[in-house]
Every structure is written in structure tokens, then in C-alpha cells.
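Please look over the sequence and the model shown here before reading on. The briefing that follows treats helix packing and sheet arrangement in turn.

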Amino acid sequence: MPDAVPAPAPPNRGVPLLITAELPADVLAWADALRRAHYPPDRNRLRAHVTLFHALPPSVEDEVRRLLGDLARVAPPSAEITGLMALQSGTAIAVHSPAMVALHAEIAERLLGLLTWRDQPPPRLHITVQNKVSAHEARSLQDTLRPAIAPRRFRFHGFGLYSWHDGLWNPIREFVFRGSRQARDNRVFGG
């Protein structure tokens, strides 16, 4: 019998909110294994993810919950892994998804005036697998991984809503896209 879907967490007052594009189970497992293998262990506190918004004001949590619930009523947006992306001090897997970028734009428009400078432009979608390392370490990993990262199509699973507190992301709720498979363990969102 599958796990019951957890009840939504109560609104989080006072800490910034983050929104992610949640990966399907197979892509999540693959990308998270890369992240665990290459992210500095003392800093790896999260599973693999695609961040859409980094710091929304906590005062809009109820509005964001309604918005993500409404937007998740669509078919899962298609995406493709297109290779590696060099970060300033790390390595990421590049993700191409015009549909997810369009959903980001719709969220940004509906939250106009509430976004930080970092959350306003269209995102460069990616899954970070290494961060906060030297440029030499990053280039070395990119050289090692480049031949192994082949194009791969997938569909996003849903949106994730998190709060940021004391250096940790605290899961609040997942908003699953219509028709997305429920193969992932729902307990990561508090159940």
C-alpha cells in the first residue's frame, strides 16, 4: 500500500521561501547520486533539485500555495538534459525546458514587485552536482563527467515549496503536475 500523502505543513512565517521544479523519480535518483558523489559532503544538505525562485517573502506563502496549486493543474512540462554547465565554483547538469521557463515567467508576473533581483530574469535551469570548490576541482569534474552526460528527455514531477532557515531548506509542500507519476517517496515533504 503506498504511503499516504502528507497533510500540508502550516504556513511558515518569518523565513524566506524557495520554489523548485521537482524531478521525476528516475532523474532524481541519477542526479542525486552524482550530487552525493561530488558535492562537498559537509555542505550537501539537499537532494538534487532545480531551483526556480531563491527568496520569496514569507508573507506571501498562502498566495504562493494557491498559485502553485493552480499552475500544477497542467500536464508535466517536458525537459531535456543537454550537458554540463560550469558554475562559478562548481558543476551542474544543464536542463532545457521552455515550458518550465514559461511557468517561471507566469509565477514571476503574478508575484510582481515581490521578487529579488536574482529571481526576476528567466532562470538558467540546472541541477547542481558540485559547488563551493576550487576552479581546478570544478574543471576536473567537468572533464570527467562530460563524456557520461548524454541528452535525456523527461517531464518534471511538480513544484516544491520550501522555507529557508538556519542554512537548511525545510520542505513545506509538493504540488504534483496533473498526470505525473506518484513513484517518488512523499515522505520528503513531511509525511
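A residue is called buried under 20% relative accessible area, exposed over 50%, and partly exposed in between, with a 1.4 Å probe and protein chains only. Helices (H or I, at least four residues) and strands (E, at least two) are DSSP runs, numbered from the N terminus. This is a predicted model, in which local features need pLDDT of at least 70 and side-chain atom pairs count only at pLDDT 80 or more, while totals for chains, interfaces and linings use all residues. Residues are numbered from 1 along each chain as its sequence is written, and side-chain values use heavy atoms, with hydrogens and water left out.

**Helix 2 and its surroundings**

- In helix 2, which spans residues 61–71, the buried residues are E61, V64, R65, L67, L68 and L71.
- Viewed down the axis of helix 2, these buried residues fall within an arc of 170°, so they line one face of the helix; the arc is that of the directions from the helix axis to the C-beta atoms.
- The cover over the buried residues of helix 2 includes strand 1 (17–22), strand 2 (50–56), helix 3 (98–110), strand 7 (158–165) and strand 8 (168–176), where contact means heavy atoms within 4.5 Å.

**The pair of helix 2 and helix 3**

- The axes of helix 2 and helix 3 come within 11 Å and cross at roughly 145°; axes are lines fitted to C-alpha atoms, for helices over the stretch in contact, and angles run from 0 to 180 degrees between N-to-C directions.
- The contact is made by E63, L67, L68, D70 and L71 on the side of helix 2, and by L103, E106, I107 and R110 on the side of helix 3.
- By class, this contact of helix 2 with helix 3 has five nonpolar, no polar and four charged residues, with Ala, Val, Leu, Ile, Met, Phe, Trp, Tyr, Cys and Pro counted as nonpolar, Asp, Glu, Lys and Arg as charged, and the others, Gly among them, as polar.

**The sheet 2-1-7-8**

- Four strands form an open sheet in the order 2-1-7-8 with antiparallel pairing, two strands being paired if DSSP finds at least two bridges between them.
- Strand 2 and strand 8 are the edge strands of this sheet, each pairing on one side only, and neighbouring strands are turned by 20° against each other on average, direction ignored.
- Strand 1 and strand 2 pair over four bridges in the antiparallel sense, and L17 stands opposite L56 in strand 2.
- Helix 3 packs on the sheet and touches strand 1, strand 2 and strand 7, its direction making about 10° with that of strand 2.
- Strand 7 is mostly covered, since six of its eight residues are buried.
- Strand 7 is joined to strand 1 by six bridges, with Y162 as the bridge partner of L18, and to strand 8 by eight bridges, where L168 is the bridge partner of H165.
- Strand 7 and strand 8 form a hairpin with two residues between them, and D166 in the turn has a positive phi of about 55°.

**The sheet 5-4-3-6**

- Another open sheet is formed by four strands in the order 5-4-3-6, again with antiparallel pairing.
- Strand 5 (126–130) and strand 6 (152–155) stand at its edges with a single partner strand each, so one side of each is left without a neighbour in the sheet.
- The twist averages 35° from one strand to the next.
- Strand 3 (residues 78–87) and strand 6 run antiparallel and are joined by four bridges, and R153 in strand 6 is the bridge partner of E80.
- Helix 1 (residues 25–38) lies across strand 3, strand 4 (90–96), strand 5 and strand 6, and runs at about 30° to strand 5.
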